[in-house]
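Subject: Structure handover

Hello,

Here is the structure I said I would pass on. My notes on it follow below.

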Amino acid sequence: MTAAIVLGWLLPAVPFGVALAGLLLPQRSRAVAAGLGIAGAAASLVVAVILLATLDGAAAEGSALWVEFGGLEVTAGVRLDPTAALVAIAVAVVALAVQVYSVGYLDDDDRYAPYAAQISLFTAAMLLVVVAGDLLLLLVGWEVMGICSYLLIAHDRRLPEAPAAAVKAFLVTRVGDVGFLLGIAVLGFTAGSFRISEVLAHDFHGTTLTVACLLLLAGVAGKSAQFPLHTWLPDAMAGPTPISALIHAATMVAAGIYAVTRLYPLFVQSPAALTVLGVMGAVTLLLGALAATAQDDIKRVLAWSTVSQIGYMAGALAVGSPAAALFHLLSHAAFKALLFLAAGCVIHATGTNSMSAMGGLRRRMPVTFWCTVIGLGALAGVPPLAGFWSKDGILAVAERAALDGVGPAGAPVGWLVWISGLVGVAVTAWYATRLLLRAFAGAYRGNATPHDPPALLRWPVLVLAVPSALFGAVAFAGPFAGWLRPPGITEHPPNLLPLDEELIHFGPQLVYPVALLLLGAGLAWWRWRRDPAADPATALGPLRPAFDRAFWLDELQHTLVVRPVTALARLGRRGDEVLVDGAVEGVGRGSGALGDSLGTLHRSGLPRAATAVLAGALLIGLAAVLIGVGG
């Protein structure tokens, strides 16, 4: 076993061991739980960095037989490459920031110990997805993440909406996971193995491959909150803010995009599946961005923003550029974690999530303000921040797919992703500017005395501001683009965009996103300057309720799916109670009544039987006496 393989196993094993130790601690063991959680995340980060250095641009794989079903072997193995190491570093950095931040953010929480252990388990599950070399092992990490998200979203039991949000997240993602499981089953049973390398090497029939990829996309839609399974993510804001950072930046929502890149050689062979992915990404991109424009809850703005940004990544995959998708995934991990933790600082200081009760925080919270400026700038794509380079990479490959007709899904998908991406730039700039102005500019509208947070909250935010600002520079480094090469693609397919030339683009195409960025930000600024006390969202006019409710898709889903399923469940329960239970209980009651009747009859005959026996005995005795006397 090589050093890389050992490090690959250590990546999920370290936080998993820490999680087990933490779950055994008493709930009041706060200091020990904090030390374990931080040490586990820090150790994972060190292992991930050493792994990247050890791989040195190469790939490694190791596996052992796990279990055998007839002739089908399931292996426990890791599949390592620079892409996996980079994503693991992002996961570990965000997990470490969240663990440190949570010590201060939940300083009065009496259930902190299991909370910290669950974060470690969440981290271990995502790292298992990152390094898994077998589809079933990947599925284990995939499902453990779902359980952890349920536990962590429902952590604050004082909030009445938290348990409902956790159940909703669990159930909606399970719907997608059914498809994901079936997709894995189709691939594994057809290929005769669940090892990813063997699945990628198998020659699938076109129809079988398309069906499997579409089933996998159902799971991607659930985990990565893509249309139409996006409805759980905004409601999940009922969970603690550090958990929102973890889910949005480095674990749940990133898992779907990462899983597609892991199996991308299969998706390249299925233009139909990539077309579906492109449509799903474009719709989600615009849906999330428009919904973010009308929210008053600062966390819900960021939640819808995540939905939109994941749509960019899905669009990049659809037009044939997994490298651009992964580049945006990594930069998004940095600036979205920064934004959520900065929002947590604001909420911690003002005691509210509502931007209507904020304002004027720029001078009261200067550190948080400037960090938020960096995060929102990266989100909107302000040059030269990280989000500018990664988002422009997606727009550039989409433009090329549209104009030149290259890419596995063809020009129509390129046009769809490119135009929706450009519109998304303007809308993102608009709501990012609105958030900044509503929270930090003008007069303070709340009742608290806000100030910058203590060190435990401040330092993670400051650290995350560095990659949010500078991460784009790594794309200029020679080997970085090659590190994002899709695993399993050893030769460049003719329908895939060039791998080493798609991250950084200089040319006339930069004019469009920059102009749209200025347009969106300028409109929000102009509206705010007219009346600093008013919400710029009033400019949306009659569209605001539609955007605020995300076009009532949640209500539509509730009407078309939840209510019929609930009614069917009630009907089934009633049928069970009346027919099944009724039959069983009726037989029991009938048997009891029959027994009672027989008992009554039996008891009523006893005196007569006793009298008859006594009379008979008397007659026999009398006869014996008479015969004796006569003789």
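I begin with the aromatic residues. Phe 327, Phe 471 and Phe 480 make up one aromatic cluster. Please keep in mind that this is a predicted model.

A search through the whole structure gives 16 aromatic pairs. One of them joins Phe 369 and Trp 370, with ring centres 4.9 Å apart and 65° between the planes, an edge-to-face arrangement. Are the two residues of this pair buried or exposed? Phe 369 has a relative accessible area of 8%, so Phe 369 is buried. Trp 370 is exposed, because its relative accessible area is 54%. Another pair is formed by Phe 547 and Phe 551, whose centres lie 5.5 Å apart. Their planes meet at 65°, over the 60 degrees required, and therefore this pair is edge-to-face. Phe 547 is buried at 8% relative accessible area, while Phe 551 is partly exposed at 33%.

Two arginines sit over aromatic rings. The charged end of Arg 30 is placed over the ring of Tyr 112, 4.4 Å from the ring centre. Arg 174 lies over the face of Phe 170, and here the distance to the ring centre is 4.5 Å.

Next, the surface. Which residues form a nonpolar patch there? The patch consists of Ile 147, Tyr 150, Leu 151, Val 167 and Leu 171, and together they have about 410 Å² of accessible area. Helices α5 (135-153) and α6 (161-191) each contribute at least two residues to the nonpolar patch. The largest share, 3 residues, is from α5. Tyr 150 is located in helix α5 and is partly exposed, because its relative accessibility is 33%.

Gln 226 is in the loop between α8 (206-223) and α9 (232-235). Why does Gln 226 count as buried? Its relative accessibility is 1%, and buried means under 20%, so Gln 226 falls in that class. With neighbours within four places in sequence left aside, Gln 226 is in contact with Ala 221, Met 280, Gly 281, Thr 284, Val 307, Ile 310, Gly 311 and Ala 314.

The other is Thr 352, in the loop between α15 (322-350) and α16 (361-364). Again leaving aside neighbours within four places in sequence, the contacts of Thr 352 are Ile 347, Ala 357 and Met 358. Thr 352 and Met 145 are 207 residues apart along the chain, and their C-alpha atoms are separated by 29 Å.

Last, some figures for the protein as a whole. The secondary structure consists of 24 helices and 2 strands. Taken along the principal axes, the C-alpha atoms fill a box of roughly 140 × 65 × 50 Å. The protein has 631 residues, and 55% of them count as buried. The accessible surface is about 25100 Å², with 70% of that belonging to carbon and sulfur atoms. What share of the contacts between residues at least 6 apart in sequence joins residues at least 24 apart? The share is 80%.

Regards

Definitions and conventions
Residues numbered from 1 in each chain as written. Predicted model: local features only at pLDDT ≥ 70, side-chain atom pairs only at ≥ 80, totals over all residues. Heavy atoms only, no water. Phe/Tyr/Trp six-rings, centres within 6.5 Å; stacked < 30°, edge-to-face > 60°. Buried < 20%, exposed > 50% of the residue type's maximum accessible area, 1.4 Å probe, protein only. Lys NZ or Arg CZ within 6 Å of the ring centre and 35° of its normal. Helix = DSSP H or I, 4+ residues; strand = E, 2+ residues; numbered from the N terminus. Contact = heavy atoms within 4.5 Å. Patch = residues over 30% accessible without salt bridge, like charges linked within 9 Å, V, L, I, M, F, W, Y side chains within 5 Å. Areas by Shrake-Rupley, 256 points an atom, 1.4 Å probe, with all protein chains shown as cover. Salt bridge = Lys/Arg side-chain N within 4 Å of Asp/Glu carboxyl O.
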